[in-house]
Amino acid sequence: MAKDNNNKANQSFFEKLRNKYRLVVLNEETYEQKASLRLSRLNLFILGSLFVLFNIIVVILIIAFTPLKFMMPGVGSLDVRSELIKVELLTDSLESQIDKRNYWLKNLQQALDGKFDSSFTYSDTFSHAEKQDINLALTNDIEKEFREELKDEIELLSVETSSKNVQPNYFPLKFISPISNGTLLSEFDSKSEHFGVDLATVAGDVVKAAEDGVVVLSEWNPETGNVLAIQHRNNAITFYKHNKELLKKVGTYVKKQDAIAIVGNSGELTDGPHLHFEIWQNGKPKNPQDFINFKSIN
């Protein structure tokens, strides 16, 4: 008996869901029927659920694909995200510049200490505008020729030193001006850490090797632009900075007056076409005017 009552109750619940009802819209004054809609509780529930679901999907899409998402707690504003992206890009750029600077300082320290290995090769160089990958690996024939030329120079130096009884601090070198035409713009001043001379000339002029030697540095530096350095005998080294273009690679043996670069205005520490020229010996800067008469190039 109780079972039958439960079945009737269940049947009456489902029957109530399926019972049809008519929604009628009447004119309040004339009672004229304007519209009618036949619905059941089940249909009304389904339509209401679909309407709610549709609204939820629309709200989710609006939040996900419009700037409104940045108003949500924990997401952050659009400006903050843009700044974070800029900081990340700037960090990557700074890391690249630091790597270049560290590599340049390492090469410079080796050159000044006289510990540079002539078999060392640098895999790439950086121009003023872009990085250019250059293969600097010497072939066996070129390396052999280079070593033979260097051997001859060392033997020649030994003969000169023995015949003249040269002292360790003596310069058995005769430097020439690295440019043929120009004006002495700034002189050597160790107090202001200006360890060279600035030679004003026309952009595009050829820079020449001041003495025989081996190129130990040929790369781009943020401050001094395209830089080239030549290791000479008696632990002397010359630097040529702010060049527009470098014509020699690391490990190349050059002779006096050989074209090694093109005058330019590269790097941050320059305000016009000129060549910054330095002479170092045993890790100490020397005044180039003690060895070269720059007045003769005018």
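Student: Before we count anything, what counts as a helix or a strand here?
Tutor: Both are DSSP runs: helices are H or I with at least four residues, strands are E with at least two. Keep in mind that this is a predicted model.

Student: OK. How many helices and strands does the protein chain have?
Tutor: Four helices and 14 strands.

Student: What share of the residues is buried?
Tutor: 32% of the 298 residues in the protein chain.

Student: And the contacts? What share comes from residues 24 or more positions apart?
Tutor: 58%, taken over contacts with a separation of 6 or more.

Student: What about the accessible surface? How much is there, and what part belongs to carbon and sulfur atoms?
Tutor: The protein chain has about 19500 Å². Carbon and sulfur atoms hold 56% of that.

Student: Switching to Pro 285. Where is it?
Tutor: In strand β14, which covers residues 284–286.

Student: How far is Pro 285 from Ala 236?
Tutor: Their C-alpha atoms are 9.7 Å apart. Along the chain, the two are separated by 49 residues.

Student: New topic: charge. Which residues form the negative surface patch?
Tutor: Glu 88, Asp 92, Glu 95 and Asp 99.

Student: Which helix holds Glu 88?
Tutor: Helix α3, residues 78–113.

Key: Residues numbered from 1 in each chain as written. Predicted model: local features only at pLDDT ≥ 70, side-chain atom pairs only at ≥ 80, totals over all residues. Heavy atoms only, no water. Buried < 20%, exposed > 50% of the residue type's maximum accessible area, 1.4 Å probe, protein only. Contact = heavy atoms within 4.5 Å. Areas by Shrake-Rupley, 256 points an atom, 1.4 Å probe, with all protein chains shown as cover. Patch = residues over 30% accessible without salt bridge, like charges linked within 9 Å, V, L, I, M, F, W, Y side chains within 5 Å. Salt bridge = Lys/Arg side-chain N within 4 Å of Asp/Glu carboxyl O. Lys, Arg positive; Asp, Glu negative; His and termini not counted. Charge placed at Lys NZ, Arg CZ, Asp CG, Glu CD.
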